[in-house]
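Below are some notes for a colleague who has not looked at this model before.

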Amino acid sequence: MALRLLKCEYCSHHLRFGAPRCGKCYQKTPSLNRFWRISTGLGLATLVVVMAFSATIS
Ligand SMILES: [Zn+2]
């Protein structure tokens with residue numbers, strides 16, 4: 001499932017979530033588009049750590 005929340009600032013093409021470049025005009029996408037993928041990865045990693053940590057306590 002592809003999330004297309006952001007638009008290309010050059011051609012208004014809907015960008016694929018986390019894509020470094022526009023799929024239509026190949027211009028660089030806003031850094032926010034890449035940042036979201038990084039923060040999602042960090043969020044998932046944090047969640048796994050927290051769950052593992054709470055499992056050891058109980
Ligand atoms: Zn574009």
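1. A term used throughout comes first. A residue is called buried if 20 or more other C-beta atoms lie within 10 Å of its own, exposed if 12 or fewer do, and partly exposed in between, with C-beta atoms placed from the backbone.

2. On the source: this is a predicted model, in which local features need pLDDT of at least 70 and side-chain atom pairs count only at pLDDT 80 or more, while totals for chains, interfaces and linings use all residues. Residues are numbered from 1 along each chain as its sequence is written.

3. Overall form. The chain has one helix and zero strands, where helices (H or I, at least four residues) and strands (E, at least two) are DSSP runs numbered from the N terminus. Its radius of gyration is 16 Å, well over the 10 Å that the globule rule gives for 58 residues, so the chain is more spread out than a compact globule. That radius is taken over C-alpha atoms, and the rule is 2.2 Å times the number of residues to the power 0.38. Along the principal axes, the C-alpha atoms fill a box of roughly 55 × 20 × 10 Å.

4. Packing. Buried residues make up 9% of the 58 residues. Of the contacts with a separation of 6 or more, 6% are between residues 24 or more positions apart; a contact means that two C-beta atoms, placed from the backbone, lie within 7 Å.

5. α1 has 27 residues and reaches 39 Å from its first C-alpha to its last, close to the 39 Å expected, which is 1.5 Å times one less than its number of residues. One of the 27 residues is buried, so α1 lies largely in the open.

6. The annotation. UniProt, in an unreviewed entry, places a "transmembrane region" at residues 35-57. UniProt positions are in the numbering used here, feature names are shortened, and annotations may be inferred rather than shown by experiment. In the model this span is 100% helix and 0% strand, with its end C-alpha atoms 33 Å apart.

7. Most residues other than glycine have a negative phi.

8. With 15 C-beta neighbours inside 10 Å, H14 counts as partly exposed. H14 and K24 are 10 residues apart in sequence and 9.0 Å apart in space, C-alpha to C-alpha.
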